[in-house]
Amino acid sequence: MMKKLLLVCFSFWLFSSYAQETYTVNGVKDERPGLHAFINATLHVDYQTSIENATLLIQKGEVIASGKDIKVPNGAIIHDLKGKHIYPSFIELSSNIGMPKAESSRSPGPQLGPKKEGAYNANDAIKAYFNAYEAFEAKSSDADKMRKAGFGVVLTHNQDGLVRGTGTVVALHDGPENEIMLKESASQHFSFNKGTSTQDNPSSLMGAIALIKQTYLDAQWYANQNDMVDIALDAFNKNKSYPQFFDADGDKLYVLRADKLGDEFGVQYIIKGNGDEYQRLDDIKATNAQLILPVNYPEAYDVEDPFDALNISLEDMKHWEMAPYNLKMVADKGINYSITSDGLKDASKLSDMISQSLDAGLSEEQALKALTYNPAQFIKMEDKLGSLTKGKYANFIITDGSPVKKDTKIYENWVQGNPYKYNDYTLAEIVGNYTLTVGDENYQLEIKGEPGKEKFKIIVNDTTSYEVKSEISKQLISFSFKDEGKEEDGKIRLSGWLKEKGLAGSAKMPDGSWAKWSATLNEDDSSEDKEEDKKEDEKEDSKIASLIYPFVAHGNTERPTAETILIKNATVWTNETDGVLENTDVLLENGKIAKIGKDLSASGAREIDGTGKHLTPGIIDEHSHIAISRGVNEGSEAVTAEVNIEDVVDSEDINIYRQLSGGVVASQLLHGSANPIGGRSAIVKLKWGYSPDEMKISWADKFIKFALGENVKQSNWGDRNTIRFPQTRMGVEQVFEDAFTRAREYEDEWKDYNDLSKRDKANATAPRKDLELETIVEILNSERFISCHSYVQSEINMLMEVAERYSFRINTFTHILEGYKLADKMKEHGVGGSTFSDWWAYKFEVNDAIPYNAALMHGEGVVTAINSDDAEMGRRLNQEAGKTMKYGGVPVEEALKMVTLNPAKLLHLDDRMGSIKVGKDADVVLWSAEPLSIYAKAEKTIIEGAVFFDREEQEENLDAIQAERARLVAKMQGEKSKGKSTQKAMPKSQIIYHCETEIQNYSSLK
């Protein structure tokens, strides 16, 4: 990796640091001490300590003294920085500088195994063996971009894979790799994106999470065995001693997912967030994680075309406004973080972005801390980085002000004593508008440009000006111009010097005479007006968006909480032996149904008039795919029981709110049907605005998705998908047989190990813990229950027989469109059916479906439910249940149970949900009409005594949303009118998942 040593100029030798050289010097060896004294500066020793008229001494790349009244040693090179500032250089913790470009090439068709040859991991996305220090290749141009932004050190790593290997700390000077590398292995890195791996697994976010979990378990097992070599697992174990970094690319929920994953294995990650943490601050605070926060704030959208404006979601509009507040709000919560330039197209825009956060209330001290002190602590290098005390690396920037403020000039960036000059601080700042007096004549002089590159112009009026030839050397200045307003030939030639507030000197006139001249900086006549405009802008800018939960349209400013609610005089559909009760009151208290009766009263209760309205238990959707992030299927393998929908619940999905508007209070979020044994389910209540964990029903039994039919044998996946077993319905059965057999063997292996005496166990190697087989063992032991996607009679019969051979029962056949053909066998087996009301003929295996299916299964005594499997249908499950009255004559109360009590029974929730009974959860819906009528609307949807949907408030909410959009559009138009850049408003689509939805690149989704 050693590069050929570059020849450098004498000036570089003069300032270079002196590490011990282990290579031949091509040229004259320079052994001068590199002693520098920076005097008369405002020295910012660290983020909170500033000293006026201070001195900084450095030698051989380190600080040897800093402060006031420091004696400058003989022989030191003195830099007078009067009026200038010195700050510690910044530290970047999210970089891939110097890393090889990640490349990917995929052959047509599936790739079931790894491409990488050798004793590596079974999955190409596990790259724990990658060491950044071995691959690092210094590139001066990349380092220079970072130095210009104020950085002196980066933690760089290979940003590829789920487990990415180690990072290395590198100084941003132009020395050879073995000199600029400060800490060869400083960190271990993780992400949710599998990167360049073309292996099919994982094909979903939940698959990625499961693979990382299995890697932790495999590493624990690997450390105690001697039967095999896995270079990745070996490295993984060695890397555990370093700080663990997790790139949670996505949104704020990914920060929570990363932390939860770490908690499972006792690891506290340092998590790179996404800049929207303010939207879930309390939850993120509870993680106790340190964060790395980007400042790639979005530009305003171009909303001049009203139709373009319709493409922008309220969420994106509000985030544009609130993103600069993220740093302050996170700091106010007491969360420790560092700032990264990662995500910016140009790192030099860092101070521009942070300035927006300063305007939003972030303190300058906090910003500096997040760029210097915090990152040094995160990588355990605070003894060498982050401040300018004795013994620290001489990494600092010389500026004309605070480096976190817009337009602050960085003159020089010194990295381990090596100077990089970007502006000349010895040149005076003379830009401005002046009144130039030459003898008795006055002119208006305009000077523009950077120091050393100024351009002079004589302004006559708005349309007339003279170009001026000028030359500046340090404090001396000369320029000349021809006064076009006079007839005399020749130019006025001026020579002079810089004064504190202007210029002065002598002029040679066209007639040969001499005159005195001076240029006085004009006072800005419009300063008062500008100050008023600024105050007006600040007043307008202070009107910012309010936080809503969740941070999407129809979110609430406060999360709904349980109330004491008395619903009076309603028609109550109990789903109990009491049947339908007319003119009845129901009291909801402490999240429970407290009383049912007539003429009830309750002190302090919120009374709701139910006259002419109908109160039912909340609808429960046994089969749903809403509220799932980055993929509903992990279809890369035939058995993926290790994956878990609970890991990817998306609490921000607008379909939660839409389904609340249709009276749904709970759903089973199912894995898709891409494989015979899919992933584990999440059973949730639709608590709009709550976190994913708060939505999950903690007391619910555990479920898993199985599937039969066309999808699992890849019938409609195209000609290239003919490799993964099974490819036939016969093969599907063998997948089940194989999985259950392996699970029994696995269980026996663990039983044998656990039965060992303590002494024998100490000399034995514990079996490898396998998340897939652990889950299947739960099924065999009736600790986890199956919801099986099914259509064809023969296969349904087959799976019941397989289950009986292994002494357990299938819990639910979902879809089950041929259930009417074997309802008697279903009843005998004890399995329920969750079906569509009248779907049919949408693929070949559905041709025998009939709309009487639900009624026939119900009539045979099978617990029958109607499900959605579709985000749209989930809004009107009451109407779907009503169809069973038309097709089969199901009594109305029994039809209602198909979307309330029966799915509660199928999900083992019926002891607390599914009917209106004292002591059950207060999960109820108030309807405007008889609940299964096409005219019925859910007026209030109540979960555990909290109103999560209220149709009376809906119109007000819509008006508020429209007003908020109008305010934000006006604000964006104001940004454009000020000349600020904008971005095009592009429509964003949402994937609505169904059973068969298979994502090719889950990493591209949010």
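The model is predicted, so local features require pLDDT of at least 70 and side-chain atom pairs count only at pLDDT 80 or more, while totals for chains, interfaces and linings use all residues. Residues are numbered from 1 along each chain as its sequence is written, and side-chain values use heavy atoms, with hydrogens and water left out.

**Overall build**

The C-alpha trace spans about 120 × 70 × 55 Å along its principal axes. The protein has 27 helices and 43 strands; these are DSSP runs numbered from the N terminus, with helices (H or I) of at least four residues and strands (E) of at least two. Of its 1006 residues, 56% count as buried, where buried means under 20% relative accessible area, exposed over 50% and partly exposed in between, with a 1.4 Å probe and protein chains only. Among contacts with a separation of 6 or more, 67% are accounted for by residues 24 or more positions apart; a contact means heavy atoms within 4.5 Å.

The domain assignment gives domain 1 (90–289 + 322–385), domain 2 (432–532), domain 3 (620–698) and domain 4 (729–913). Such bounds come from an automatic or database domain assignment. The C-alpha centres of domain 2 and domain 3 lie 72 Å apart.

Two packed helices are described by the angle between their axes and the distance between the axes. Here the axes are lines fitted to C-alpha atoms over the stretch in contact, and angles run from 0 to 180 degrees between N-to-C directions.

| Helix pair | Angle | Axis distance |
|---|---|---|
| Helix 5 (residues 205–222) and helix 7 (residues 252–264) | about 25 degrees | 10 Å apart |
| Helix 12 (residues 350–359) and helix 13 (residues 364–371) | roughly 140 degrees | within 10 Å |

The angle in the helix 5 and helix 7 pair makes helix 5 roughly parallel to helix 7. Angles under 35 degrees count as roughly parallel, over 145 as roughly antiparallel, 65 to 115 as roughly perpendicular and the rest as oblique. The contact is made by Leu 205, Ile 209, Ile 212, Lys 213 and Tyr 216 of helix 5 with Tyr 254, Arg 257, Leu 261 and Glu 264 of helix 7. By class, this contact has six nonpolar, no polar and three charged residues. Nonpolar covers Ala, Val, Leu, Ile, Met, Phe, Trp, Tyr, Cys and Pro, charged covers Asp, Glu, Lys and Arg, and the others, Gly among them, are polar.

Helix 12 and helix 13 are oblique to each other. Leu 350, Ile 354 and Leu 358 in helix 12 meet Glu 364, Ala 367 and Leu 371 in helix 13. This contact has five nonpolar, no polar and one charged residues.

**A covered helix**

Helix 20 (residues 771–780) is mostly covered, with nine of its ten residues buried. Glu 772 and Glu 778 are among the buried residues of helix 20. Their cover includes helix 5, strand 33 (677–680), strand 35 (702–707), helix 18 (729–754) and strand 36 (784–790).

Asp 247 lies in strand 10 (residues 244–247) and is buried, with a relative accessible area of 17%. Leaving aside neighbours within four places in sequence, Asp 247 is in contact with Arg 164, Phe 190, Ser 191, Phe 192 and Lys 272.

Leu 547 lies in the loop between helix 15 (527–541) and strand 26 (565–573) and counts as buried at 18% relative accessibility. Not counting residues up to four places away in sequence, Leu 547 touches Tyr 278, Gln 279, Met 322, Met 329, Asn 556 and Thr 557.
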